[in-house]
Amino acid sequence: MPMNAVYQKPGDLAAVIPVFPLPGALLLPRGQMPLNIFEPRYVAMIDDALRGGHRLIGMIQPDAAHPGPEDKPNLYKIGCVGRITQIAETGDGRYLLQLTGIARFHVEEELAVSTLYRQCRVSYAPFVDDFTPRKGEDDVDRAGLLRALSDFLKANNLKADWEGIENAPNEALVNALAMMSPYGTAEKQALLEAPDLKTRAEILVAATEIELAKKTSGGETPLQ
């Protein structure tokens, strides 16, 4: 989705951002994530992001392997910042919004703040390639990805818009499938942390093949 703001390098983004910890939520560069915001602390987060003008929210997962306190779970060190590109008020205190992913970030430190929501100082420097649209598309094994997707859909009696899938550029296809995938927190984090588009596609194919093998053998599934 086109954005009014242009982000071409790490310095174009705020170094301190609010973060929204959400298990299983995966935002990737140029991907779109719909959110239903209803908790008062996150409603306040959205208000502040709009009031501050940057419209940025960092999506990040709690670290399930090292959970920490229930009221303030430990977070993974890598997330993805998105810009609020659509927003609607519901009239009952909620926001319906869409985030458009910009770039991944590494958490440098969590700040001690007076806000009810959490804020972190982050660095985008490790992910400078995220600012270049469609980088690494030619290295993706598109045929293998589509084959795994087809097998998954057949095994689960699901249908898809194949015309739209076949017309999608590799970056949009890989990232959309990764974001929509039904895998758990660890798999989603692996997809997020993939060093490039080719590796992300390979992780997605491998996770799908593992799931299909478990389904065929009657074993437990990693899906959530």
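## Strand pairing around β6

Two strands pair if DSSP finds at least two bridges between them. Strands (E, at least two residues) and helices (H or I, at least four) are DSSP runs, numbered from the N terminus. This is a predicted model: local features need pLDDT of at least 70, side-chain atom pairs count only at pLDDT 80 or more, and totals for chains, interfaces and linings use all residues. Residues are numbered from 1 along each chain as its sequence is written, and side-chain values use heavy atoms, with hydrogens and water left out.

Strand β1 (residues 16-21) runs antiparallel to β6, joined by four bridges. I17 has C120 in β6 as its bridge partner. Strand β5 (residues 95-110) also pairs with β6, antiparallel, over four bridges. Here V122 in β6 stands opposite V107. Five of the six residues of β6 (residues 118-123) are buried, so the strand is largely enclosed by the rest of the structure. Buried means under 20% relative accessible area, exposed over 50%, and partly exposed in between (1.4 Å probe, protein chains only).

## Salt bridges

A salt bridge places a side-chain nitrogen of Lys or Arg within 4 Å of a carboxyl oxygen of Asp or Glu. The count comes to eleven. R104 and D130 form one of them, with the closest N and O atoms 2.9 Å apart. R104 lies in strand β5 and D130 in the loop between β6 and α2 (142-155), so the pair ties together parts 26 residues apart in sequence. Both residues are buried. Salt bridges with shared partners also join K72, E110 and R118 into one network.

R30 and E171 meet at 2.8 Å, N to O. This pair links distant parts of the chain: R30 sits in the loop between β1 and β2 (32-37), E171 in helix α4 (residues 170-180), 141 residues apart. R30 is partly exposed at 28% relative accessibility. E171 is buried at 10%.

## The cavity

A cavity is a set of points, on a 1 Å grid over the protein atoms alone, where a 1.4 Å probe fits but cannot get out; lining residues have an atom within 4 Å of a point. Grid points are joined across faces, edges and corners, and a volume is the space filled by probe spheres set on the points. The whole structure holds one cavity of 30 Å³ or more. The largest cavity has a volume of about 60 Å³.

Its lining includes L26, M59, C80 and K188. β3 (56-60), β4 (78-89) and α5 (185-193) each supply at least two lining residues.

Note on methods
1 Å grid on protein atoms, 1.4 Å probe; cavity = no way out; pocket = protein on both sides within 12 Å on 5 of 7 lines; lining within 4 Å.
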